[in-house]
Structure formats: structure tokens, C-alpha cells
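Good morning, and thank you for coming.

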Amino acid sequence: LRGYSHGSSLFLPPREIARNCPIRELLDKRLVFVTGKGGVGKTTVAVALGLRAAAEGKRTIVCEVASQENASRLFDHTEVGFHEVEMEENLWSISIDPDESMREYVLLQLKVRAMRDMLFRSRIFNYLAAATPGLKELVTIGKIWELAQPDRKVKSGRTYDLVIVDAPATGHGIGFLQTPRTFAAIARVGPIHAQARQLDRLITDRDHTGTAIVALPEEMPVNETAALEQDLRDEVGVAVDRIYMNGLYPELFSKDEAARLAQIAEAENGAVRAAARAAVSEHGRARSQRAQLARLRRRVQTPVKTLPFLFEPELGVEAARLLARRLS
Amino acid sequence: MSSVSDILDRKDICICAGSGGVGKTTTSAAIATGMAARGLKVCVLTIDPAKRLADSLGLKELDNQARQVSPELLAAQGVEIKGELWAMMLDAKATFDELVARQAPDEESRDRVLGNRIYQQISSALAGSQEYMAMEKLFELHSEGRYDLLVLDTPPSRNALDFLDAPRRLTQFIEGRSLRMFMRPTGLAARVAGRGASVALGVLRRIVGFDLIADLAEFFNAFSGMVDGFQARAKRVNSLLADPHTCFLVVCGPQGEPIDEAVYFHRKLVEAKLPFGGVIVNKVHYPAERLRGDDPDLPAALARALGDEDLAQRTFENFSDYQALAERDAANIERLAEEMRSRVVIRVPYLDEDVHDLAGLAEINRYLFASNAERTALAARLGEA
């Protein structure tokens, strides 16, 4: 309810208060999942959030899951692997490998390396580990939990103020966040049950854990984002703090100018015609994107913030830096 | 040869594969519509498409049944179909249940599997089960032989390879040598229940708890009668994928990363000896032919034409940006074609309107079903018209 502390907000309807809540609310959390459908720019936004948090003095780590290594690719094409690698001041990155997470987890449980190694050599263990549905996702989330602990479990682990997760694309996304609960239900009793419940409590801890959905201003992505927001909130029970509408074209031309440009595109030839034609297209896309943005805002409860389309051939760390400054 | 109808000549199955967010669902629907327009009886299998596309195809429910898209509806949107267009939204869980029902030796074993909690998790949540069920449905529809062409929109996996890997992972899971261990009276299940657990098992039990192991053992017991059937079926599904009448189309976008993934996926297809048909690159920025975005005379020419320096400057900058993207796309696509040593690259332009209805599909099909020469002409008009 921090939004209420602003005097002027008192007079705004609830949705406007939500819309105006500052990015602090998100960065002050301990764990943020960045999610959305494939190809919307999740990695870039996750890294941008990381850069922003780091710039504000927070010790931040950006986690990738399922060894995609997109974030490290964004920085310098070196693979980080299952290590916490410092990218910049206050900003670390890790690629969470489920097998490595499992080894680490089992060691934390057994405390004796030789015993762990014996277990990993056993065929029964390997078979069960591979066969148990969701175990990979569970240990991945387990590692995320471990990273987010103020008092780290691994030896000489660094304490982070903020853990940002570049989550799997939706389809798998909700399933991923639901894994602990599913697992707790399967295991019923025993240590895994208890730990799965602990992970579920972390995910649904609205004060410390949040999600940011990345969307695109097109018909289908808007529909999917609205459905995802609802599922995350109602099915998973996680706080949805932000929706970032990514790739928004600037409104370069007014309606009158677009009409004028359309005339030119008809009347002229060559480069002038091509340039006028490109301007008319831009105007049309920018307008249809605004309509999609408005449609999304009508359909969701979460504040929707926009990020500009970047006219860059490839989005690198500089692009993420630019977005980091634009995040709100 | 570079029109989709040439690529799919004499094919029974078209599988659209690619990473998420590249327009696979739209492309699959467009291909199915285009082939139906050319007189074939086509069924497109899709997984949870955007509501509006489903609505426009007249698909209201996800019920695992093929439904014919009404010719009147198509005609009303200006799409003329000489053949038939059918569509189905795949329900992976229901398909898995059907498969179990078909493979079970009797009703009791069927119910034991369907009622097992581990099974319920696997059938909906196990990575790869959705992919495998898509193939399974494809196989089933193909065996029934009711369609001239089946178009499969592969599930939205992070990695296109998940799809190819799915049958192997799933069958490994339910067959595997280790599984036999559970089945033997002296196997794991017995040992869990008995007192003679090995040290490893004791340690394992300490970590995962007794219940989970017992549930898994029960699951494998319930499944034991079906392992051979599943194995045989998976083999047949795999050989259908490798059949010369099957065709894989790789769908991607023009940015560096999707192109890299398409190259990688193509290599894996070749390695697995699966029939590759071509690549469709969506949302390509076509360059205006023979024009450079940074033509120094252009701002002045625009200012003369528009009579407004400020507007001319913005128009110029916008054009430069667009041309830069077009050059990037062209370079990426060239790299793609080189890496694949293939000329079968179909470029669909980044259209002014985002595609989500039948009219949009028809617009896409002007490019998918054009010959190379026609496509170049169309694109030139896009750039300069």
C-alpha cells in the first residue's frame, strides 16, 4: 500500500494508484521472475532490470534457467555456467543447470561429499532422478531460493539484495512456478514435501517475491498476456507487479502528417516515395500498437509500463542499458 | 521451386517447427488455408492458439476433435477454398489418456494407470509429453487417412529440439532398463517395501521420502503391461517423421538469435535424417530496392516534396532506421541460406497490420504461395509503392 503515501494518489481511482506505483516496489523485492511468451524480449528486460537495480546500489544477480546463456551472451558471449560471475559492479549472473543444482542440493542434505558421490554413482538414484516428473524444475527453483537467502547455504555464498530470474517462456512458465506445489502434493510427506512447501511459500510471498510479465503490442501476445496475468495471480498465487509492453514504436507522425505523407507516397517516385511509404507504415503500426496497449490495460489489473522499440540490428548490453534507464 | 505448394507437393505431413515467438501458429494456419484453397482436404493441428485466431477459424473449444472450418465463414472473409479446411486444438492430456486406453491390456490396468497420481503429473507436466502427444495425434490422424495433408504446429517449446527429442525421452522414461528393476520381484519396489534396502536406497529415502518412491514403484507396476506397446508405437511414430512424405518446415524470425536457432535446428534435422523442406522467415523488413537509407540528397528532396523541414527530417530518420533493419535482415537471411546450403528460404514481409484473422492469413499466403519471381515483385511494391 505504499502508493497511498503519495498525497495526490488519494484522489485517484485504485487502478491509477497501481499504475503510478514506482519501480522501487519491484526492485525492493528480494526475488523477481521475468516471464512472458517466447520471443518478447524477456532476457533483455531481465538484464535491464538487473542493470537498473545494480545502478541503484543493490547487489543483484540475474539467473537464467535451462542453460540458455542468453544473458551472458548479451554481455560478452562468454558462458558463465553454474557459477556466480560478476558482470559489472553490483551485478552478477548465473546459469542454473538442474544437474548441478541437484548435486549441490544433495550435498547440502547429506553434508558428506563421499556419500553424495556414492549416491550419484548409483543407478537407482539416477533413474529415479530422471524419472521423477518436475524434479529438474524443483531443484532449479531450489537453487533460486538458495540464492535469495540472506544467509546463504553454500559455503562463502554472497548475499544478494535482489535475485532476478529470466524464467522459461510461458506454456512452461506457469508450470515452472507451480512445480513446488505440485511436488508437495506428490511427495505428501518427508523432507522433499517440506522443502517443496517452503519453495512454494517463497514464490507466493507477495512482500518479497514478484513477477514482471513482458508483452508485445500485438493481438495474440496481448491475449496471452492477459491470460497469463490471471493465471499467475489466481492459479499460482504469485504477485504480478508489472507488465512491460516491449517494442513500442514511437509516434513520430500526427494523423495529418500521415495523410500528407500518404499523398506524397502516391505522387512521388524513388527514394522520396519509399521514405514516405515507410513513414505511413510506421504511423499505422504505432497507432495499432497504441490500440493494443489500451486493450491490454483494459484487460489487466497490473500496471502496464512501456518500453520503446530499439532500432538496433542486434540488441546487446547497450540496448539493455538504455532500457534500464527507461524502466518505470 | 520455392513456393510452399511446390515444397509440399506429394507430402502427407507438414511439420512447422521453430522456437517460440516466431509466428509458428500463424504460419501453420496460413499454410493449411493455402493448401485447402488449392483443393486439398487439410487438417491443421494446433496447440492453444490465440483466441481470436481460433474464433476466426470457428474453433470455440479445446476438445481434441478435428472440426471443419465453415466454407461460408471463409467465403465471408474473402477466402475461397476448393478443398476442405479442418482444424484441431490438441489436448495433450486427453491424447495421453486415449493412448493409455488403447495400449492397456484390460480395463483394470487402464484405470490403475489413469488414476495414478504420478501418471497424472506426467501426462500433463512432464517435459516433452506435450510434444510427444502432438506427434502421437499426428500419427493417429495419418493412420486414419482422412486427410490429404496434415499440418502440425509444434508446441511452444523454448528449444525447437525439445520436439525431436520428445519420443526418446518419454519412451526412455517408461521403458528403460532400470524400469525392469522395478518389475522384478526382487527389484526396487520389493526392496523399498522390504527391509533389505541398499545404502544408496537408504540415502535416497532420506532425501525424497518413502511415499514418493513407493508411488513411483506403483506407477511403474501399473504401466508394466504397456511398455512393449508404447515402445512399438514410438518406433512407428518416429518412422513416420522420417518418411519421405513428411516435410519439416523451419519457421523463424529475421533477428540474429532466431536465425542462429534455425541454423542449429536444420543441422539437427539433417543429422537425424529427417526430411527438411525449407525455411520460412517471418516479419522480414524488405529493403526498398537500390536505395540507401543514408542518401544525402534525400532530406532535401523530402523537404521539397513535403514543404516541411521538420517533417522531412523525421521521415528521413524513420526511413534510415527501417533500411538499417532491412539490411540486417538481408544479411541474416543470407547467412541462413549459406549455412543450410539451401535456396529454399521463403521470406514473409513485416506487414503493416498484425495478423490474427483469415484476411491476414490470406495476405501472408500471397507470399508463402508465390513463386520466387512473384514474391520479388510483391516485395518491390512493398518497398516502393
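Let me begin with chain B: among its contacts (heavy atoms within 4.5 Å) between residues at least 6 apart in sequence, 79% join residues at least 24 apart. For chain A, the corresponding figure is 72%.

A word on conventions. This is a predicted model, in which local features need pLDDT of at least 70 and side-chain atom pairs count only at pLDDT 80 or more, while totals for chains, interfaces and linings use all residues. Residues are numbered from 1 along each chain as its sequence is written, chains are lettered from A and ligands numbered from 1 in the order in which they are written, and side-chain values use heavy atoms, with hydrogens and water left out.

Chain A contains 14 helices and eight strands; chain B contains 19 helices and eight strands. Helices here are DSSP runs of H or I with at least four residues, strands are runs of E with at least two, and both are numbered from the N terminus. Of the 328 residues in chain A, 56% are buried, and of the 385 in chain B, 54% are buried. Buried means under 20% relative accessible area, exposed over 50%, and partly exposed in between, with a 1.4 Å probe and protein chains only. Chain A exposes about 13,800 Å², with carbon and sulfur atoms supplying 50% of it; chain B exposes about 16,100 Å², of which those atoms supply 48%. These areas come from the Shrake-Rupley method with a 1.4 Å probe; for residues, only the protein chains shown count as cover.

I turn to the sheet of chain A. Its eight strands form an open sheet in the order β3-β4-β2-β5-β1-β6-β7-β8, with mixed pairing; two strands pair if DSSP finds at least two bridges between them. At the edges are β3 (85-88) and β8 (304-308) of chain A, each pairing on one side only. Within the sheet, β6 (209-215) and β7 (240-248) of chain A pair in the parallel sense over five bridges, and A:Ala215 has A:Met245 in β7(A) as its bridge partner.

Which helix of chain A runs at about 170 degrees to β5(A)? That is α3(A), which lies across β1, β2, β3, β4, β5, β6, β7 and β8 of chain A. Angles run from 0 to 180 degrees between N-to-C directions, with axes fitted as lines to C-alpha atoms, for helices over the stretch in contact. After α3(A) comes A:Gly57, with a positive phi near 90 degrees.

Chain B also has an open sheet of eight strands, in the order β3-β4-β2-β5-β1-β6-β7-β8 with mixed pairing. Its β1 (13-17) and β5 (149-153) pair in the parallel sense over four bridges, and B:Ile15 stands opposite B:Leu152. Helix α8 (129-144) of chain B lies across β1, β2, β4 and β5 of chain B, at about 175 degrees to β5(B).
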